[in-house]
Amino acid sequence: MDFVSVRQAAQSLGVDDSRVRQLLHDGQLRGSMVGGRWIVDAGSVQDRKLAAPEPGRPLSARNAWGALAMLSGCRPAGLSDPERSRLLARLRNLAAHGDLPAARLQKLLAARAEVRRYRVHRSALQALLADSDVVRAGASAAPRVGADYVAPGRAEVYVHPDRIGKLEAAFGLVLDDQSGNLIVRIPPASAWSFLVSEVWEAEEGRDAPAPVVAADLLDAKEDRAVVAAAGILEPLLAASAASVASAEVLADAA
């Protein structure tokens, strides 16, 4: 019988160490105590992995923004240590795929904002994208964050929930779910400070952080957009997993 450590089992299952210990305690994983520490039956881990439904239930908006902040190298505000630990495990599990699991990640982050589609005169798009009440997103910010993707004639922005009415009035926005050329995402007010944390010039407008832009591109569900998103997210996921592994090595050494 082959055994793995609690940490190895956690990495394989995409959960944190405490969850593995709980599963062992409840008899949902097989293992033994050796020298006061659990070792886990590797076959039991594989059985649970195969039997479990494909993970991917959308994160809450708060946790979705927490994950995006982590990918940006920021400590997410308002999350408890257990919540942060679970998000880190999710990100580490996504990184283990090698190639970006685009559909899974898109679903995980889908609840981060309310999405509205508007019709606006094309002559007003540039002024809208430079407006101080918006943050450029998706296709509108992709070239500026290093993503190889353009979508002429279409614009995407984030707007603070308290400012959407002002924007609608200022630019004559008309809701058009079928053929609108402007996608507006309205995040929780608590996410706004992260969205506007990038350095920007007032006359040029401002862009969402790179992981947010990549998440927006995944929403397009177009091959070119997914490839562009992967170019941003894959190295960020790898860096996140590496930082977790480094922290664990330091913790073990201590």
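**Ground rules.** I am working with a predicted model, in which local features need pLDDT of at least 70 and side-chain atom pairs count only at pLDDT 80 or more, while totals for chains, interfaces and linings use all residues. Residues are numbered from 1 along each chain as its sequence is written, and side-chain values use heavy atoms, with hydrogens and water left out.

Entry: I looked up the strand order and found an open sheet of three strands, 1-3-2, with antiparallel pairing; strands, like helices, are DSSP runs numbered from the N terminus (E, at least two residues, for strands; H or I, at least four, for helices), and two strands pair if DSSP finds at least two bridges between them. Strand 1 (3-5) and strand 2 (31-34) are the edge strands, each pairing on one side only. From one strand to the next the twist averages 35 degrees, where angles run from 0 to 180 degrees between N-to-C directions and axes are lines fitted to C-alpha atoms, for helices over the stretch in contact.

I then went through the pairs. Strand 1 and strand 3 (residues 37-41) are antiparallel and share three bridges, and Phe3 has Asp41 of strand 3 as its bridge partner. Helix 1 packs on this sheet, where it touches strand 1 and strand 3, and its direction makes about 90 degrees with that of strand 1; contact here means heavy atoms within 4.5 Å. Strand 2 is joined to strand 3 by four bridges, again antiparallel, with Ser32 opposite Ile39. I noted that strand 2 and strand 3 form a hairpin with two residues between them, and that Gly35 in the turn has a positive phi of about 60 degrees.

**Entry: helix 1 against helix 2.** The axes of helix 1 (residues 6-13) and helix 2 (residues 17-25) come within 8 Å and cross at roughly 100 degrees. The two helices, helix 1 and helix 2, are therefore roughly perpendicular to each other, by a scheme in which angles under 35 degrees are roughly parallel, over 145 roughly antiparallel, 65 to 115 roughly perpendicular and the rest oblique. Val6, Arg7, Ala9 and Ala10 of helix 1 make the contact with Asp17, Val20, Arg21 and Leu24 of helix 2. By class I recorded five nonpolar, no polar and three charged residues there, counting Ala, Val, Leu, Ile, Met, Phe, Trp, Tyr, Cys and Pro as nonpolar, Asp, Glu, Lys and Arg as charged, and the others, Gly among them, as polar.

**Entry: helix 4 against helix 11.** Helix 4 (residues 61-71) and helix 11 (residues 210-220) pack at about 125 degrees with their axes 8 Å apart, and helix 4 and helix 11 are therefore oblique to each other. Trp65, Leu68 and Leu71 of helix 4 meet Pro211, Val212 and Ala215 of helix 11, a contact with six nonpolar, no polar and no charged residues.

Entry: Strand 4 (residues 114-119) and strand 7 run antiparallel and are joined by two bridges, and Tyr118 stands opposite Leu175 in strand 7.

**Entry: the cavity.** I found one cavity of 30 Å³ or more; a cavity is a set of points, on a 1 Å grid over the protein atoms alone, where a 1.4 Å probe fits but cannot get out, and lining residues have an atom within 4 Å of a point. The largest cavity has a volume of about 40 Å³, a volume being the space filled by probe spheres set on the points, which are joined across faces, edges and corners. Its lining residues include Leu59, Ala67, Arg90 and Leu105, and helix 5 gives the largest share of that lining, four residues.

Note on methods: 1 Å grid on protein atoms, 1.4 Å probe; cavity = no way out; pocket = protein on both sides within 12 Å on 5 of 7 lines; lining within 4 Å.
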